[in-house]
Amino acid sequence: GLIYIFLFTSGVAGFIYEIVWTRMLLLSLGATMISMVLVTVTFMAGLALGALIFGRLADKVSNPLRLYAILELTIGLTAAVTPFLSYRAMFLYQNLFWVVNSSQLLLFVKLLTSSIVIFLHAFIMRGTVPVTVKFLKTNFTDTLGKDLGKIYAINTAGAVTGSLLAAYVLIEQLGLSHSIYLAV
């Protein structure tokens, strides 16, 4: 039962992060399609590679719940420093503006630094699913299909909840940084 609570809250936090990161990028890149596409593409690429790598790793660990806990702690810790890194990156962009005489190069630096942070989080986040599947496969083989359907549904319900909370409540009431800290 606890694994379902963890998966739901993981989904909530993950999509609070994604909505807040999109808003943070709007501040540094401007309200453009570039920032929206960047978040979506980088997030999805991180999810895909995370599933691949952690799917292989999950088969090699003896205690998948320990790995799950490590992944969730890593997600929280790295997300907690995101507001600081975001503001430091904006400071870097401001200083580069006076040194670099190319708006394309400056845009590339912004896109690259933003992509790295988002990719890292998404990569680690997606690792939680194959690790959870490994746990279920090891301990609940007779109900695996039903349990897999449940974990996907519960995690997705958490993602929907997190998206709605971030977009309609948290950012307005708490601001960007505090919304991330609450998700952590």
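**Pocket, core and helices of a predicted model**

Colleague: Which residues lie nearest the centre of the largest pocket?

Modeller: A pocket is an open set of points on a 1 Å grid over the protein atoms alone, where a 1.4 Å probe fits and protein lies on both sides within 12 Å along at least five of seven lines; a lining residue has an atom within 4 Å of a point. The largest pocket has 20 lining residues, and those nearest its centre are Phe6, Tyr68, Ala69, Glu72 and Leu73.

Colleague: Which elements give two or more residues to the lining of the largest pocket?

Modeller: Helices (H or I, at least four residues) are DSSP runs, numbered from the N terminus. Those giving two or more residues to the lining of the largest pocket are H1, H3 and H5.

Colleague: How much space lies in the largest pocket?

Modeller: This is a predicted model, where local features need pLDDT of at least 70 and side-chain atom pairs count only at pLDDT 80 or more, while totals for chains, interfaces and linings use all residues. Residues are numbered from 1 along each chain as its sequence is written, and side-chain values use heavy atoms, with hydrogens and water left out. A volume is the space filled by probe spheres set on the grid points, which are joined across faces, edges and corners. For the largest pocket, that space is about 350 Å³.

Colleague: What is the relative accessible area of Ser179?

Modeller: Ser179 lies in helix H6, and beyond four places in sequence Ser179 touches Ile16, Val20, Leu170, Ile171 and Leu174 (contact means heavy atoms within 4.5 Å). Buried means under 20% relative accessible area, exposed over 50% and partly exposed in between, with a 1.4 Å probe and protein chains only. Ser179 is buried because its relative accessible area is 0%.

Colleague: How far apart in space are Leu47 and Ile124, C-alpha to C-alpha?

Modeller: Leu47 is in helix H2 and is buried, with a relative accessible area of 12%. Not counting residues up to four places away in sequence, Leu47 touches Ala122, Phe123 and Arg126. Leu47 and Ile124 are 77 residues apart in sequence, and their C-alpha atoms are separated by 7.9 Å.

Colleague: Is Thr42 buried or exposed?

Modeller: Thr42 is found in helix H2. Beyond four places in sequence, Thr42 is in contact with Ser115, Ile118 and Phe119. With a relative accessible area of 9%, Thr42 is buried.

Colleague: Within what arc do the buried residues of H4 fall?

Modeller: The buried residues of H4 are Thr82, Pro83, Ser86, Ala89 and Tyr93. Seen down the axis of H4, they line one face of the helix, because the arc within which they fall (taken from the directions from the helix axis to the C-beta atoms) is 115°.

Colleague: Which exposed residues are on the face of H4 turned away from its buried side?

Modeller: Exposed residues have over 50% relative accessible area. On the face of H4 turned away from its buried side, they are Phe84, Trp98 and Val99.
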